[in-house]
Amino acid sequence: MIKADGLVKWYGGMLAVDHVSFEVQKGEVLGFLGPNGAGKSTTMRMLTGYLPMSEGSVSIGGHDMAEDPLAAKALFGYLPENAPAYKDMTVEAFLDFAASMRDLTGQKKRDAIEKAIATCHLEKVRHQSIDTLSKGFFHRTCFAQAILHDPPVLVLDEPTDGLDPNQKHEMRELIKRMGRDKAIIVSTHILEEVEAICTRVIIIDKGKLVFNGTPAEMCAKSAGAGRVTIRVQGVSKVELTALLEGIPEAGRPLEVSEQDGNATATVPPAEGRKGLAAAIKAALDKKGWSFDELHTNQGRLDDVFRTITSLDSANVK
Amino acid sequence: MNKTLHIIKRELASYFGSPIAYVFLIIFLILTGFFTFMMGGFFQSDEASLARFFVWHPWLYMLLVPAIGMRMWAEERRMGTLELLFTLPLSAKQAIMGKFLAGWLFLGIALLLTLPMPITVCYLGDPDVGPMITGYVGSFLMSGAYLAISGMTSACTRNQVISFITSVVACLLLVLVGFPPVTNLLLKWGASSVLVDFAASLSVMFHFESMQRGVLDLRDIIYFVTLMAFALISTGIILKQKRS
């Protein structure tokens, strides 16, 4: 549904986005990650046709943004960064205006507005002027505008920004639900959000695409991924180390510690071997030792994020 | 076309939903009255015409129209709604025309509210109605030209004060090149009369004056329409340039 091909954006002499290409299919929620100033919003603005690109092309549902912008723009809903809205209008008047721009009329328009108001829980403030709204309501009003016409494509720039934890949770559930039959691209720098809602992740750093894969693949890049942590009761550090060293699946270095008569160990997998956790369990059972913890670390997204993106790009805007 | 109408509707609702519309209308009416009666000596002139009413319009509009035009794009840019507007399935032409026409319509409403003026004149005397009508047409066209220029300067900046000042200056230039003291000065400095006439013909004064006299010349209409078209097309170019 969304296809970005070799997007380049120059701001004066500064290269803000450098040959970024990706695709989003129907049923996918693509998480768009990157440090502040990496070019996320610039890329989204090019995707939505607000910024002309220096090079490359964007197509939405097969319509080229440069050649047929109106057809392309009709297919998506967009929540820009900071969720702008006409502050002098009431929530309902604003949604009415947005619906008119989407060529909705009559009963269809009223239904669309009612549905958006219900989905975004705006009933209480529907007749209120937008500049009197709290940040959460304000944000959701702009979000309502984006989903109003039930578009097949959604482009959301930091959709949970400024929401409280409950609202964040609800917004994520909503995006996840809508992601089943839409193509959604979500920019964020909240990593839990990626794990919670995204089916795929791209990371952009200093304008360049540095990662494109599933959240699981991203986790697997973490240094800690695949390590097995165990805690065995009533065993000394020395005994546990001896046992672990005898397991061929266990790699080095072993980290073993002892506390309150329990031994804890973190074991990396040996190169090219699988089934480390199972092998450890078999060895423990054989000895008859009881354990209260045994799990394989999934890796942490923020570790990977930090490794992939360099710190200094956060300072370049 | 339909979308342009919705933009016009939204803009007008925004004018009348805020104090701007009422403050503008009241000040416009007070000032036209003040200038016509106090400064213009309407009664002393003992003329059944609106000449002393229209003669102030180029100057009044110079200050008041930029107050309407300055927010046209600067406000959208400052609030970030420009991004919303230009990612809706709507062409730049529709957005620009919609916003312009809404402002122009609003100025037309302000002008219509001065109708008690000609009604009074008709009641008190036996005026020539022709110049009154062409005067109104000319005044409306002139306000549109000023508005288009204010909109153009508004597209250049997110700061409304800068937008206001630059459009006042732009409008002032358009008035001054045809203002007799200035044209006389140019002549005294040795500019050839052809050049001075050409400069004066670019002025709103030149074209508005003939309309006040009751002459509805196609050239005057073309002048105002060209001025508007130029400013609106420039607005489109500026908005596009500013985004990249």
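Visitor: Which residues in helix 6 of chain B meet helix 10 of chain B?
Guide: This is a predicted model, to be clear. On the helix 6 side of chain B they are Arg71(B), Met72(B), Trp73(B) and Ala74(B), and they meet Gly151(B), Ser154(B) and Ala155(B) of helix 10 of chain B.

Visitor: And at what angle do the axes of those two helices cross?
Guide: Roughly 25°, and the axes of helix 6 (residues 71-79) and helix 10 (residues 129-155) of chain B come within 6 Å. Angles under 35 degrees count as roughly parallel, so helix 6 of chain B is roughly parallel to helix 10 of chain B.

Visitor: Switching to chain A. How many helices and strands are there?
Guide: Chain A has 11 helices and 14 strands. Its radius of gyration is 25 Å, well over the 20 Å the globule rule gives for 317 residues, so chain A is more spread out than a compact globule.

Visitor: What box do its C-alpha atoms fill?
Guide: Along the principal axes, the box for chain A is roughly 75 × 45 × 35 Å. Buried residues make up 41% of the 317 in chain A.

Visitor: Let's look at strand 8 of chain A. Are its residues buried or exposed?
Guide: Buried, 5 of the 5 (residues 183-187), so strand 8 of chain A is largely enclosed by the rest of the structure.

Visitor: Which of them point which way?
Guide: Ala183(A), Ile185(A) and Ser187(A) go one way, while Ile184(A) and Val186(A) go the other.

Visitor: What about the pairing of strand 8 with strand 3 of chain A?
Guide: Strand 3 (residues 29-33) of chain A pairs with it in the parallel sense over 4 bridges; Gly31(A) has Val186(A) as its bridge partner there. Strand 7 (residues 153-157) of chain A also runs parallel to strand 8 of chain A, joined by 5 bridges, and Leu154(A) stands opposite Ile184(A).

Visitor: Which helix goes with strands 7 and 8 in a β-α-β unit?
Guide: Helix 6 (residues 165-178) of chain A, and the unit is right-handed.

Visitor: Last topic: what's the strand order in the open sheet with antiparallel pairing?
Guide: That sheet of 4 strands in chain A goes 12-13-11-14. Strand 12 (255-259) and strand 14 (291-296) of chain A are the edge strands, each pairing on one side only. The twist averages 10° from one strand to the next.

Visitor: How many bridges join strand 12 to strand 13 of chain A?
Guide: 5, with strand 13 covering residues 262-267 of chain A and the two running antiparallel. Glu255(A) stands opposite Thr266(A) in strand 13 of chain A.

Terms used: Residues numbered from 1 in each chain as written. Chains lettered and ligands numbered in written order. Predicted model: local features only at pLDDT ≥ 70, side-chain atom pairs only at ≥ 80, totals over all residues. Buried ≥ 20, exposed ≤ 12 C-beta atoms within 10 Å, placed from the backbone. Pairing = 2+ DSSP bridges. Right-handed = clockwise from strand over helix to strand, strands pointing away. Rg over C-alpha atoms; globule rule 2.2 N^0.38 Å. Axes fitted to C-alpha atoms, helices over the stretch in contact; angles between N-to-C directions. Parallel < 35°, antiparallel > 145°, perpendicular 65-115°, else oblique. Contact = placed C-beta atoms within 7 Å.
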